[in-house]
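Take a look at the structure below. We will go through a few of its details, one at a time.

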Amino acid sequence: MRRSIGAIGGSFAAAAMVGALAAPVGAAPSGPAPSGTAIVRLADMQPPSPARYGARTEGPAAATTKTNLTVYLASPRQAQLESLANGVSTPGSAFYHDFLTVAQFRAAFAPPAATVGALDAYLRGYGVKVGPLAPNGLSESLSGSVHQVDGALHTSLVAVRTRAGANVVGSAGPPGLPAAVASSVSYIDGLTPWVRPQDNLRVTPAAVQTGGVASPRRAAGSAATGSAAVSECSQLTQLGNGTDTAGYQWMDPSDVSTADHLSGFYSKADTAQGKTIGLIEYDSYDAPAVSAWESCIGVTPTIDTEIDPTYPPSATPQYIEATADIELVTALAPAATVAVYEADNTTAPPLDPWTEAITGANSNSPLPAVISTSWASCEPVTGPSAYFQAEVALFAEAALQGQTIVAASGDQGSEGCYGVSGAGLTTAQQDALAVNDPASNPLVTGVGGTGSDTVSGPQYPWNQRTATSANCLGSGCPGGATGGGLSTVWS
């Protein structure tokens with residue numbers, strides 16, 4: 001159901017529109033802040049130390065180095081936004097399932113044009129290029145040289161070599177803005193490129209030993225690449241639900257759909273036709289492998305690859321996680337359109353793919369009804385506190401637009417930082433209670449993984465400590481079980 005803004009609540013809509021019309025226009029700054037202007041430090045954007053992530057600061061970044069950021073704007077009606085997001089999701093609420101379009105959302109919650117104009121004029125005064133507003137009116141891209149960004153944001157950008165060997169540019173301290181425009185900014189994404197989401201894929205020891213991907217033995221979705229996927233067709237069709245040569249149990253898509261009780265939908269010819277499912281990926285996928293997989297299981301889904309134009313995926317992708325995600329979704333919802341939102345895991349601001357999926361920015365696909373991700377980071381290493389609030393605004397918008405978000409809770413459950421690489425955590429910090437973002441966000445459904453040896457047999461948590469060695473894929477279950485735990489961010 002979609003209603004006009006007025007139908008959702010006359011007093012709320014009226015207040016929103018009056019606020020937009022009555023906002024003081026004022027004189028927008030036409031250049032750099034005058035000498036002596038008070039600069040407000042955005043303390044909740046204090047960057048975490050690169051050293052904590054195994055990265056090395058190599059000194060000030062070269063003044064001519066180009067850098068790209070995304071600025072998220074504060075909604076003047078953030079409290080109402082969060083309240084309505086809960087309302088549309090709560091049965092019995094007066095607003096239950098009264099969803100908005102992106103345009104309606106923008107009209108109700110975006111800051112006034114004068115506010116955005118003042119910020120943009122200030123940034124352009126330093127030579128920073130400001131991109132167009134996102135369709136929701138709450139974010140825009142910034143680009144410029146280190147010299148220009150340092151001047152506008154009163155930062156000291158530094159050159160950093162990440163643990164993975166990438167050369168990136170980030171901020172050594174929190175950004176600052178003149179008081180007149182500081183309150184209009186909620187978060188600046190891209191200042192901490194050493195903090196990256198990690199995939200939640202665990203491959204079997206057999207795959208690790210051979211350097212390949214044990215697939216489809218690993219799970220329902222094959223992540224084999226190229227000809228390897230073709231050679232597994234016969235195994236997939238001949239063995240069915242059984243044991244592969246390495247001794248691991250696996251189920252094919254028909255087994256999984258039976259175990260997950262999807263056959264009732266299929267019997268009614270409901271295979272997700274007319275629906276779009278969004279996948280957030282910080283990598284590209286192996287298109288030949290996906291095509292071979294589709295041939296194996298006899299499906300012809302529509303896959304729209306939505307590549308971030310500013311941060312396209314790396315030229316040397318990992319392939320495995322994104323490929324597995326696509327294959328499993330196409331197997332279980334074969335008539336759906338799968339929109340894959342790809343971005344580079346080294347340089348892209350982490351929220352950019354989410355913005356594309358929720359607002360339709362840079363996208364050719366309809367807004368997805370469901371958005372899924374298996375990428376995450378444990379809360380203690382996710383980033384500045386303002387990052388979580390920026391997530392809230394995006395995820396609240398998704399709720400208001402009728403979009404469901406599901407995210408992997410991670411393989412370590414209540415010890416979400418266990419074994420996290422590249423975060424510089426001590427053993428004690430890795431063993432401490434922690435959960436994964438974004439699964440811990442109240443507006444996201446956290447999904448934990450389970451395993452089973454047969455379609456009708458008992459299920460057990462992935463990596464359950466007390467499970468047998470075989471159930472833990474031969475790993476001995478050293479790292480806890482998938483599931484939830486205690487958040488240090490959300491009550």
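**A pair of charges and a pair of helices**

Arg56 has a relative accessibility of 47%, so Arg56 counts as partly exposed. Buried means under 20% relative accessible area, exposed means over 50%, and partly exposed lies in between (1.4 Å probe, protein chains only). This is a predicted model: local features need pLDDT of at least 70, side-chain atom pairs count only at pLDDT 80 or more, and totals for chains, interfaces and linings use all residues. Residues are numbered from 1 along each chain as its sequence is written, and side-chain values use heavy atoms, leaving out hydrogens and water.

Arg56 has a partner. Glu58 forms a salt bridge with Arg56, and their closest N and O atoms are 2.8 Å apart. A salt bridge is a side-chain nitrogen of Lys or Arg within 4 Å of a carboxyl oxygen of Asp or Glu. The structure holds 1 salt bridge. Glu58 is partly exposed too, at 45% relative accessibility.

Now find Asp325. Helix H13 (residues 320–332) holds it. Helices are DSSP runs (H or I, at least four residues), numbered from the N terminus. Is Asp325 buried or exposed? Asp325 is buried, with a relative accessible area of 17%. Leaving aside neighbours within four places in sequence, Asp325 is in contact with Leu279, Glu281 and Ser374. Contact means heavy atoms within 4.5 Å.

Last, turn to two other helices. Residues of H3 that meet H15 include Leu81 and Val88.
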